[in-house]
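Student: I would like to learn how the words used for a protein model follow from their definitions. Could we go through one together?
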Amino acid sequence: MAVVEVGKYCARRCRKACSFVYRVRETYVLHRNDFMSVRLSSSRSLTNTSNSRRSSVRMYGLLGISMGALVGAGYAYYEKRYEQSSSVLNENMGTTGPVLETAPSFKISREVVVPTDSTGLKLTLFQYATCPFCCKVRAVLDYYGFSYNIVEVNPVLRQQIKWSEYKKVPILLAHVEGVYQQMNDSSMIISALASYLHDRDQGLMEVVKCYPSISFSDDDGKLKTDILNRYFLMYRGNIPQDKTNESVLKERKWRKWVDDVLVHVLSPNVYRTREEAVQAFNWFSQVGGWEKHFSAWERYLVIYVGAYAMWIIGKRLKKKHNLKDNVRVSLYDACSHWMKSIKTQGTKFMGGDTPDLSDLATYGVLSSIEGCSAFQDLLQHTSIGPWYDSMKDTVQRHGGRSVMNG
Ligand SMILES: N[C@@H](CCC(=O)N[C@@H](CS)C(=O)NCC(=O)O)C(=O)O
């Protein structure tokens, strides 16, 4: 969801704000200096002492500016160098999430217990209830019938993930082999869980190693991290009987489309106007049980500050992702594109008679806006309703649990 961008913008803004404050300080030194010169030169009793004081003020002023310029240039050089050299650092190569020896402290908000779960994985999902990436992971967990605990994270203060270096949600923590395996990024989490279900002998921790994260600098020299193989399932040479190479490719292509296209039309639609943004945040509060988990001031802070911030950010995202002037049209277009492909296939789901991971991903991210007026408009203006209802039904009934126990 759009909140990712908040973090990025924020970091950039802060850097800009810092250099701005710094420049203001420089200006202040200059003004003070000028002001003193004016005052001194206008004074009739200009003495040697005041002359030398004036020149020493000037000297300190100049020294201050030069020191400032030096520190500023040094800092800029350090930043640039760090960013450029980061492409070869790759400190995190080999793992996507650290393995923790002890459990971080957190308060469980909700427990999902599925008696047929035979994996023995003790999963904890750190989430914002209505974050599309989190909804996507929950759709997969529920469809396959995993038991898991949920920790609701405060989206503004984020105290619940203080223990993690990775600062986004979802984060999935699995208590396996006496340690806690952390998994970051929704698509990686889904690929790892699905690969594990395909062949449990390989063990979850071994599967996670197939998704290393890499650091690199992009064309603008900005530090970026990416997770390798994020959309790949580790079949170890044995594609399941009900799949073909084509269906595997198609599933991967649509999962990527969900992250690259579908997700980006949501925020500008949900936060289209200030009223819609507040309404959306009130719904988030209801679904996330914020009244129960957060204090009143925290809740109001998130609802009103969050709604206002997202309304502003929604406009930027509209531009960034080249959405239509009427953002609803972009939402309808994306969903119609998805439905057209299923209709051309002549099947109930993209995966055929049963959903595949791309159905779960699409359903998951759309379920994140179910309580918003954008979703009601979507149902009225496209033919996605029946597919969405079938998905909701099969996910809630743990329709894929035979895969876990088969
Ligand atoms: N690629 C990540 C994106 C996750 C993401 O951007 N999550 C947002 C919430 S929707 C987030 O945590 N942003 C940081 C923040 O809230 O500060 C994934 O698929 O899990």
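Student: How many helices and strands does the secondary structure of the protein chain come to?

Tutor: It comes to 14 helices and eight strands. Helices here are DSSP runs of H or I with at least four residues, strands are runs of E with at least two, and both are numbered from the N terminus. This is a predicted model, in which local features need pLDDT of at least 70, side-chain atom pairs count only at pLDDT 80 or more, and totals for chains, interfaces and linings use all residues. Residues are numbered from 1 along each chain as its sequence is written.

Student: What is the average pLDDT of the protein chain?

Tutor: pLDDT is the predictor's confidence in each residue, from 0 to 100. The protein chain averages 81, and 76% of the residues score at least 70. Over residues 1-71, though, pLDDT stays under 50, and it also stays under 50 over residues 73-86. Where pLDDT is low, the predicted coordinates should not be read in detail.

Student: Why is D199 called partly exposed?

Tutor: A residue is buried if 20 or more other C-beta atoms lie within 10 Å of its own, exposed if 12 or fewer, and partly exposed in between, with C-beta atoms placed from the backbone. D199 has 15 such atoms within 10 Å, so D199 is partly exposed. You will find D199 in the loop between helix 4 (186-198) and helix 5 (204-208). Buried residues make up 33% of the 406 residues in the chain.

Student: Which residues touch the most other members of the largest nonpolar core?

Tutor: A nonpolar core is a set of buried Ala, Val, Leu, Ile, Met, Phe, Trp, Tyr and Cys residues joined through C-beta atoms within 7 Å. The largest one has 81 residues, and V137, V140, L172, I189, A192, L331 and V365 touch the most other members. Helix 3 (residues 132-144) gives the largest share, nine residues.

Student: What makes this core lie between domain 2 and domain 3?

Tutor: Domain 2 (99-227) and domain 3 (245-405) both give residues to the core, so it lies between them. The domain bounds come from an automatic or database domain assignment.

Student: How do you know that strand 1 and strand 6 pair?

Tutor: Two strands pair if DSSP finds at least two bridges between them. Two bridges join strand 1 to strand 6 (residues 179-184), and these strands run antiparallel. In strand 6, Q181 is the bridge partner of V99.

Conventions:
Two residues are in contact if their C-beta atoms, placed from the backbone, lie within 7 Å.
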